[in-house]
Amino acid sequence: MVVAPSDLTSKYFNTSQVEAASTYTTTANLNLRKSASTSATVLLTIPSGKAVSYLGTYGSWYKVSYGGRTGYVSSQYVKVSTASTVTTASSKKYTTTVNLNLRKSASTSATVLVTIPNGKAVTYLGTYGSWYKVSYGGKTGYVSSQYVKVSTTSTTTTSSTKTYTTTVNLNLRQSTSTSATVLVTIPSGKAVTYLGTYGSWYKVSYGGKTGYVSSQYVKVSTTTTPTTSTGTGRTIVIDAGHGGNDPGAVYGSTYEKVIAFDIAARLASTLSNTYGYNARMTRTNDVYLSLAQRVELTKSYKGSAFVSLHANSSTNTSYHGHEVLVPTGESYTTNPYISASRSLGASINRELGARIPTIRNRGVKYQNVYVVGKNSVPSTLVEYGFISNANDRSHLTSTTYRQRMADATASGIHQFMSTYK
C-alpha cells in the first residue's frame, strides 16, 4: 500500500463491547489468587457479577485488582463489563525509564507541559504511532513510547515473563549502554528471560544474573508458540494485497504484491498446521481482484475473521516501521464488528512488535480502508514495513523475516480468536 507521509482475550471473554476495555465483570464466585496458579494462596473470593480492573494477561489468567487487592483470576470466568463508559482510573500503568518530556501533542516540536522524572508512574490512555497519550500529575499529554515500560510487581516474575533466544554471542551488560560493564557473555542460541524494554535494549535474566542486552540480537523462542490445534476449524480469510496488473508499491525489482503473497502463503500454512484453522486466501496466484471481490469472498468462505497483508511505501525514504489499520467510527465504516476488529489488530500489532523488534512499531491506526471498513467480520490490514526504506526492505525481502512476520501474525490472530465467539 502506498500512503502519504503522516492495540484480551479466553473463549468466555466477549471483546465486542469496548475497545481496549479494562473493566470486567465476574461470571461466578471467583478466587483472587496471589499468583497465576490454582495452588496459589487465595487472597479473597470475588462474588459473581462484581467489577474487577484488568491489569494484564498471563496465559489463561488475568491479573486484576478488586477491593484494594491485586492478584490473578481464571480468565474464563470474567467478561467485559456492559457499562457504557469505562473510566481512566483502571487504565494500564507505565513507568518512565528516563527524565521524560510530557508534550501537548505527539511531536518533538510540541510544547512541553512538564518533565516527568525517571521511574515515575504514568497512566496510559492510548497509542498514537510511536507516542503514548498519558496522564501525570494532573496533566494529560504525549510521551515517546520507547522511554516507558509496563509497571510490574515482584509477584509476576515467573508467570508474566517471556522467553527469548540469543541469535549471536551476546554481552549481558550492567546498564543500557555499550560502554557498561559486561556481566557475562551469553552464547548464541541460549534462552534468556525477558523482563522489560528500555529503548533499544531488553532487560533479561540469564544464569542467575540480570542485566541488559541489545534487542536486535534476541528473538522470541519458538517454544512460546502454542502447537496444539485449537482453531476448531473456523475460517480465517487471508488477503494478499494487490496482484495481477496491480503491483502495489514498487522499489526497483521489489514488488508489494509478491511480498504480500509470500507472507500470506506462509500465514495460511501456520494457521492451518500449527493452530488448526481453515485458512482461505482471497487469491492463490498472481491475479487482480477488486476490493469488493475480496470482501465478497469473506462471505463466500463463511470467514470468522479477515486479515489483509501489505507493504508500505513513501517518497520519503526515512519513513519506516510496521503498522496495523483498523476501522474508524465514522459513517464510512459499515462493518458491525468495529471493536472486535480493533482487538484483532491490536493483538497482531503486539506480536509483531515483540517478535520483530528490529522494525519500528508504528502502532494501531484508525483509517478508512475498504476491505476493513466494508467487511462483515472482524477485519484488519497489516503493513509490514516500507519497501522504500532500506532497513524495512532488508526485512521484507528476507525469507527468514517473512516467516517471522507470518508467525507473529498467526499468533496474534490465534490470541484474538481464542477468546472471540
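Salt bridges, defined as a side-chain nitrogen of Lys or Arg within 4 Å of a carboxyl oxygen of Asp or Glu, number 7 in this predicted model. Side chains of opposite charge can pair when their charged atoms come close. The model is predicted, so that local features need pLDDT of at least 70 and side-chain atom pairs count only at pLDDT 80 or more, whereas totals for chains, interfaces and linings use all residues. Residues are numbered from 1 along each chain as its sequence is written, and side-chain values use heavy atoms, with hydrogens and water left out.

One of these salt bridges joins the side chains of Asp286 and Lys257, at 3.0 Å from N to O. Asp286 lies in the loop between strand 25 and helix 3 (291–300) and Lys257 in helix 2, so the pair ties together parts that are 29 residues apart in sequence. Helices (H or I, at least four residues) and strands (E, at least two) are DSSP runs, numbered from the N terminus. Burial is assigned from relative accessible area: buried means under 20%, exposed over 50%, and partly exposed in between (1.4 Å probe, protein chains only). Asp286 counts as partly exposed, because its relative accessibility is 48%. Lys257, at 13% relative accessibility, counts as buried.

A second pair consists of Arg362 and Glu323, whose side chains meet in a salt bridge of 2.7 Å, N to O. This pair links distant parts of the chain, with Arg362 in strand 28 and Glu323 in strand 27, 39 residues apart. Both Arg362 and Glu323 are buried.

The protein has 7 helices and 29 strands. An open sheet of 6 strands has the order 25-22-26-29-27-28, and its pairing is mixed. Two strands are taken to pair if DSSP finds at least two bridges between them. The edges are formed by strand 25 (278–281) and strand 28 (361–366), each of which pairs on one side only. On average, neighbouring strands of this sheet are turned by 20° against each other, direction ignored. Helix 7 (residues 399–417) packs on the sheet and touches strand 22, strand 26 (305–312) and strand 29 (379–386); the direction of helix 7 makes about 150° with that of strand 26. Contact means heavy atoms within 4.5 Å; axes are lines fitted to C-alpha atoms, for helices over the stretch in contact, and angles run from 0 to 180 degrees between N-to-C directions. Strand 22 (residues 235–240) pairs with strand 25 in the parallel sense over 4 bridges, and Ile236 stands opposite Ala279 in strand 25.

Buried residues make up 47% of the 421 residues in the protein. A nonpolar core is a set of buried Ala, Val, Leu, Ile, Met, Phe, Trp, Tyr and Cys residues joined through side-chain atoms within 4.5 Å. The largest such core has 42 residues, and those with the most contacts inside it are Ile238, Leu271 and Ile413. At least two residues of this core are supplied by each of strand 22, helix 2 (256–273), strand 25, strand 26, strand 27 (322–326), helix 4 (338–355), strand 29 and helix 7. Helix 7 provides the largest share, 8 residues. With neighbours within four places in sequence left aside, the contacts of Ile238 include Ala264, Leu267, Ala268, Leu271, Ala279, Val307 and Leu309. A second, separate core has 12 residues, among them Tyr301, Val369, Val377 and Leu381.

Val218 is located in strand 21 (residues 218–220) and counts as buried at 4% relative accessibility. The C-alpha atoms of Val218 and Val192 are 8.7 Å apart in space, and the two residues are 26 apart in sequence. Residues up to four places away in sequence not counted, Val218 touches Tyr164, Thr165, Thr166, Thr167, Leu170, Val192, Tyr202 and Val213.

Positive phi values in residues other than glycine include that of His242, near 60°, and that of Lys302, near 55°. His242 lies in the loop between strand 22 and strand 23 (250–251) and counts as buried at 16% relative accessibility. Lys302 is placed in the loop between helix 3 and strand 26 and is exposed, with a relative accessible area of 69%.
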